[in-house]
Amino acid sequence: MSFFLEVLIGGLLSGVMYSLVALGFVLIYKASGVLNFAQGGMVFFAALTYVGLLEFDLSPWLAIPITLVVMVILGLLTERIVLRPLVNQPQITLFMATIGLAFFVEGLAQMMWGANVRALDLGLQDEPIAWVSDHLNMMISKFDLTAAGVAALLVTGLALFFSRTRIGRALRAVADDHQAALAVGIPLQQIWGIVWGVAGFLALVAGLLWGARNGVQFALTFVALKALPVLILGGFESVPGAIVGGLIIGATEKLAEVYFGPLVGGGIEGWFPYMLALVFLLVRPEGIFGEKIIRRI
Amino acid sequence: MIYREAGQFKTSYEADAAIFPIRQDRIGIAVILVLAYLVMPFVATPYIFTAILTPFLILSLAAIGLNILTGYCGQLSLGTAAFMAIGAFASYNFMLRVPGMPILVAFALSGGISALVGMVFGLPSLRIRGFYLAVTTLAAQFFIVWCLAKIGWFSNYSSSGVITAQEVTILGYEFVSPESRYLLVLVIVSLLALAAKNLVRSNTGRSWMAVRDMDVAAEVIGIRLMPAKLTAFAISSFYCGVAGALYAYLYLGTVEPEAYNLDLSFRILFMIIIGGVGSILGSFLGSAFITLLPVFLSLVVAFLETTVHLPLSKAITSNLELMAFGALIIFFLIVEPHGLARLWQIAKEKLRLWPFPY
């Protein structure tokens with residue numbers, strides 16, 4: 001039983017990390033209807049920039065703000081150069097453009113900082129918490145717990161930002177209906193700029209945490225692929241959906257890998273989340289928290 | 001004036017239903033076919049055959065397959081490469097396990113297997129739409145490639161699922177030389193492209209387009225959604241399966257499941273987006289663009305190295321190519337979101353009026 005709980009908790013904690021990446025997707029999808037495939041590339045870019053800056057003997061307290069500025073600028077440029085000219089195009093065109101962007105950002109990151117795998121040390125040890133392993137006989141990583149805490153903090157912050165601030169309200173209005181939002185005087189492009197800036201910030205946080213956990217390497221870009229089933233499970237437009245979806249995917253993925261994986265030769269983590277999401281969507285096609293799809297003729 | 005169709009009267013139903021109703025189009029197609037069948041085999045070098053023409057044709061076929069599904073039936077799929085993988089591995093197993101199996105029959109049957117699997121993965125499309133569907137097709141992509149790598153039977157228990165394609169022999173003739181392989185691919189691709197062109201203007205094709213434009217409305221006017229969507233998935237997967245088999249047998253030779261990864265799916269998706277969604281011609285144009293772009297980029301890099309003497313390392317050039325690829329795709333989407341096929345249409349309009357401005 002304690003083994004089951006250990007796997008479950010480990011899965012839930014890593015699920016929070018997926019949610020962190022999924023949040024970046026949700027934010028942009030909500031505000032501009034773009035499924036931003038380049039989010040994974042941005043996560044990679046952020047982690048690589050941070051590590052690269054540290055190699056110049058900058059202190060982390062200086063490197064993080066600089067990376068943040070770089071990421072926000074990257075987000076703003078993306079909005080200005082890639083998406084503004086493509087306004088009102090079909091969603092698939094926008095999606096393809098972000099895949100192109102992903103190639104570009106990945107290439108740029110590797111050209112600037114080199115492609116070799118690097119370690120990222122945040123001063124957190126990936127070791128079991130002594131108290132828990134002594135008393136409850138479970139291995140729960142300190143790092144995972146901290147990461148989950150950071151994610152929870154971010155989510156609360158974002159939820160408050162969306163519901164309490166002026167910009168947040170404007171953002172929700174834009175998400176609801178671009179034209180109506182424009183008509184009541186919400187500066188659409190400014191809002192999009194903010195959204196992309198925040199997405200850059202989320203990419204930075206995700207990049208630091210994922211980079212610290214798995215090392216800064218090209219595989220970080222695949223994190224975005226892991227976030228996709230989280231997204232569709234939770235519903236594209238929903239912040240709580242990203243969290244709950246992340247928890248479900250994280251937990252079931254680990255449990256399936258541990259209990260079901262050995263029966264079929266392992267490596268099922270690659271497709272299991274997708275299959276789970278597929279089966280779930282058959283029951284509820286708009287995800288858990290997604291907006292009910294009403295189709296009119 | 002060049003492209004004037006005035007005076008070309010259709011006097012019979014056959015003429016009215018012709019694939020290319022305009023004489024200039026027919027001449028153009030004839031010229032392209034003559035070039036492809038009679039001129040190319042004598043002009044091109046083996047490098048051009050193996051590195052450009054053969055992959056171009058095979059990927060065009062896959063792009064046609066995806067275009068049937070995405071462009072005509074409106075169901076976005078990110079799992080194209082997986083269906084290609086099914087085609088390749090099915091052909092391998094047919095050739096391996098059925099004695100005396102003719103290769104062309106094996107290709108066709110592997111397309112059929114791919115179509116069956118495609119229908120299974122098409123079932124969710126009856127309930128799931130848009131990006132939700134696109135992400136669920138990723139399930140097909142990862143699951144199928146995983147199956148092919150993990151289940152030894154598919155690759156005859158070779159390590160990590162690598163298969164070596166058997167020799168391609170038709171009626172005693174071995175297709176070994178680049179020209180012969182190119183010609184075989186050309187014949188298969190042109191026949192299947194002709195079939196696709198006819199299919200999309202048939203009853204089935206029109207029902208696909210109705211489903212694409214608005215599925216609720218299509219249902220209301222009496223199109224049955226399930227058969228329409230499932231045939232689209234099946235036929236699309238058939239094309240992808242045959243393309244995958246050709247990719248393994250006539251292009252790569254030795255292939256592992258990982259060769260049919262998500263990158264290949266994305267490349268084929270790029271082809272139809274850049275070529276033109278919902279256009280058979282666009283599939284070819286897009287495939288040509290995506291196949292030639294890396295070749296062109298590496299030529300540019302090589303040129304820069306020799307003339308400007310830029311000391312570019314291997315890593316930097318490959319990253320530069322990646323960036324240029326991404327940037328060019330964004331550029332094309334911004335400049336012409338409807339793809340190269342749309343550019344061709346605009347050119348036709350201009351040619352119709354030339355030399356007058358309007």
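Guide: Let's start with a rule: a helix's expected span is 1.5 Å times one less than its number of residues. Helices (H or I, at least four residues) are DSSP runs, numbered from the N terminus. By the way, this is a predicted model, where local features need pLDDT of at least 70 and side-chain atom pairs count only at pLDDT 80 or more, while totals for chains, interfaces and linings use all residues. Residues are numbered from 1 along each chain as its sequence is written, and chains are lettered from A and ligands numbered from 1 in the order in which they are written.

Visitor: How do you know that helix α6 of chain B is close to its expected reach?

Guide: Helix α6 of chain B covers residues 130-150, 21 residues in total.

Visitor: What about helix α6 of chain A, residues 142-164?

Guide: That one has 23 residues and spans 32 Å, close to the expected 33 Å.

Visitor: Which residues of α6(A) are buried?

Guide: Asp144(A), Ala147(A), Ala148(A) and Ala151(A). Their cover includes α1 (2-32) and α9 (188-214) of chain A.

Visitor: What makes Tyr47(B) count as buried or exposed?

Guide: Tyr47(B) has 10 C-beta neighbours inside 10 Å, so it counts as exposed. You'll find Tyr47(B) in helix α3 (residues 46-72) of chain B. Its C-alpha is 8.5 Å from that of Pro178(B), 131 residues apart along the chain.

Visitor: How many residues does the contact take from chain A and from chain B?

Guide: Two residues are in contact if their C-beta atoms, placed from the backbone, lie within 7 Å. The contact takes 37 residues from chain A and 37 from chain B. On the chain A side, α4(A) gives the most, with 14 residues.

Visitor: How do the residues on the side of chain A that touches chain B divide?

Guide: Ala, Val, Leu, Ile, Met, Phe, Trp, Tyr, Cys and Pro count as nonpolar, Asp, Glu, Lys and Arg as charged, and the others, Gly among them, as polar. That gives 27 nonpolar, eight polar and two charged residues on the side of chain A that touches chain B.

Technical notes: Helices (H or I, at least four residues) and strands (E, at least two) are DSSP runs, numbered from the N terminus. A residue is buried if 20 or more other C-beta atoms lie within 10 Å of its own, exposed if 12 or fewer, and partly exposed in between; C-beta atoms are placed from the backbone.
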